[in-house]
Amino acid sequence: MLKQIEGSLGIAEAVALCRPGAVCAYPISPQTHIVENLGKMVKTGQLQDCEFVNVESEFSAISVSIGASAGGVRAYTATASQGLLFMTEGVYNASGLGLPIVMTVASRAIGAPINIWNDHSDSLSQRDSGWLQLFCESNQDALDTHIMAFKIAEEVGLPVMVCMDGFVLTHAFERLDLPTQEQVDAFLPPYQPKEYLDPKEPISMGGMVGPEAFTELRILQQRKMLKALPVIERVTKEYREITGHHSGGLLDCYNCDNADVKLIILGSTVGTAKDAVDELAKQGINAGIISLKAVRPFPYDALRAAVGDTKKVVIIERHFSYGARGVLFPDVVRALNGTGAQVNTAVCGLGGRAILGTTIKDIVKYSLDNKFSDEMTWFDVDTKLINSYLKDTEGVTLPEGPLPESALLDTLQKVRA
């Protein structure tokens with residue numbers, strides 16, 4: 001069914017099609033519209049047999065989700081930014097207990113300074129929490145990935161974060177193709193919990209585990225995570241056969257045949273990059289895009305195959321690891337170990353700063369011209385502002401990437417002047 005709707009409403013309708021038994025809600029931009037619309041659906045009866053729980057904090061939202069899932073119902077929640085950080089204790093508990101909760105992370109920068117716009121610092125801060133992390137490049141991709149996430153979580157026995165770019169996707173209105181309830185029911189069976197709390201057959205969950213068994217439990221959790229790789233691929237294939245939608249998967253390639261440089265990208269920047277590489281192709285510059293969908297588990301073999309014989313690889317990251325390099329850099333290097341590929345990271349788009357087509361083109365040309373002087377380079381940076389500070393404090397300058405023409409940056413420079 002085709003609808004011209006906001007991304008958040010599309011996600012709410014997709015979640016409702018999955019027949020959750022509990023939805024836990026606490027508002028934080030930019031995910032609020034998702035749970036707000038789910039609340040309306042419960043109240044009007046569009047979503048039946050579902051307990052919609054308003055809580056007083058994000059920590060309570062994940063706690064209620066854990067309780068609901070442990071109680072034997074399909075559970076969903078959503079959050080962003082500081083809200084995700086407030087949940088952290090519960091986030092680790094949910095994965096440690098093997099509860100198949102699905103949670104939307106409407107990715108947004110973490111303060112201070114406070115910033116409500118999109119980057120990936122919130123979602124990637126939880127990459128080692130034991131949750132599967134699936135990233136979405138469009139609202140259609142996000143809608144479909146949420147439906148697949150419930151099946152993946154329930155088969156693997158681990159929770160799933162579906163990460164979509166805040167505001168860029170959540171608040172964008174576009175045409176979405178929603179599957180029918182019959183299609184989703186054929187794809188996603190009624191929830192059958194594998195282990196849950198039942199007063200008739202009492203068990204204990206989450207008890208104390210000492211050194212004698214803790215390592216073994218972590219190994220089993222790791223095996224679940226690795227098991228998710230083929231499950232994601234199979235579930236994606238099943239969903240595509242039912243709906244005809246080309247969404248989800250471990251990764252997706254665009255214009256990768258015989259590419260001289262390949263860009264590895266998370267999220268909505270993929271759309272901008274596709275237009276940019278199409279324009280570069282007209283200039284005789286062949287660049288490909290690898291849209292990385294699964295960050296945890298990381299698809300090492302699939303990424304290695306997608307890069308192939310290409311010797312220049314650039315990761316475009318909207319987050320980085322302080323004192324180190326890009327967050328994805330170590331995993332990509334490991335995947336490409338022994339291939340001879342030169343891997344660099346381009347950091348841009350932090351705090352919602354626009355990543356323009358000119359940015360993508362500059363990154364491609366920078367790589368082809370061998371201008372990357374380090375493993376990580378900043379793009380779209382006001383180098384005059386940075387260097388004026390560095391000269392006063394350290395006596396050095398910042399030799400980084402180009403500053404393309406941007407209405408946003410021009411405005412900022414006029415304000416500073």
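Which side chains meet in a salt bridge with an N to O distance of 3.0 Å? Lys-3 and Glu-13 do.

This is a predicted model, in which local features need pLDDT of at least 70 and side-chain atom pairs count only at pLDDT 80 or more, while totals for chains, interfaces and linings use all residues. Residues are numbered from 1 along each chain as its sequence is written, and side-chain values use heavy atoms, with hydrogens and water left out.

**Salt bridges**

Side chains of opposite charge can pair when their charged atoms come close. Here a salt bridge is a side-chain nitrogen of Lys or Arg within 4 Å of a carboxyl oxygen of Asp or Glu, and by this rule the count comes to 14. Let's look at three of them.

| Pair | N to O distance |
|---|---|
| Lys-3 and Glu-13 | 3.0 Å |
| Lys-361 and Glu-279 | 2.3 Å |
| Asp-374 and Arg-325 | 3.4 Å |

Lys-3 sits in strand β1 (residues 2-6) and Glu-13 in helix α1 (residues 7-17), 10 residues apart. Helices (H or I, at least four residues) and strands (E, at least two) are DSSP runs, numbered from the N terminus. Lys-3 is partly exposed, with a relative accessible area of 26%, whereas Glu-13 is buried at 12%. Buried means under 20% relative accessible area, exposed over 50%, and partly exposed in between (1.4 Å probe, protein chains only).

In the next pair, Lys-361 forms a salt bridge with Glu-279. The two link distant parts of the chain, 82 residues apart: Lys-361 is in helix α13 (residues 357-368) and Glu-279 in helix α10 (residues 269-282). Lys-361 counts as buried at 17% relative accessibility, and Glu-279 is partly exposed at 37%.

Finally, Asp-374 forms a salt bridge with Arg-325. Asp-374 lies in the loop between α13 and β15 (376-378) and Arg-325 in the loop between β13 (312-317) and α12 (329-335), so the pair ties together parts that are 49 residues apart in sequence.

There is also a network of salt bridges, which links Glu-137, Asp-141, Lys-274 and Lys-293.

**A cavity**

A search of the whole structure finds one cavity of 30 Å³ or more. A cavity is a set of points on a 1 Å grid over the protein atoms alone where a 1.4 Å probe fits but cannot get out, and lining residues have an atom within 4 Å of a point. The largest cavity has a volume of about 50 Å³. Its lining includes Leu-134, Met-148, Ile-232 and Lys-293. The largest share of this lining, three residues, comes from α7.

Note on methods: 1 Å grid on protein atoms, 1.4 Å probe; cavity = no way out; pocket = protein on both sides within 12 Å on 5 of 7 lines; lining within 4 Å. Points joined across faces, edges and corners; volume = space filled by probe spheres on them.
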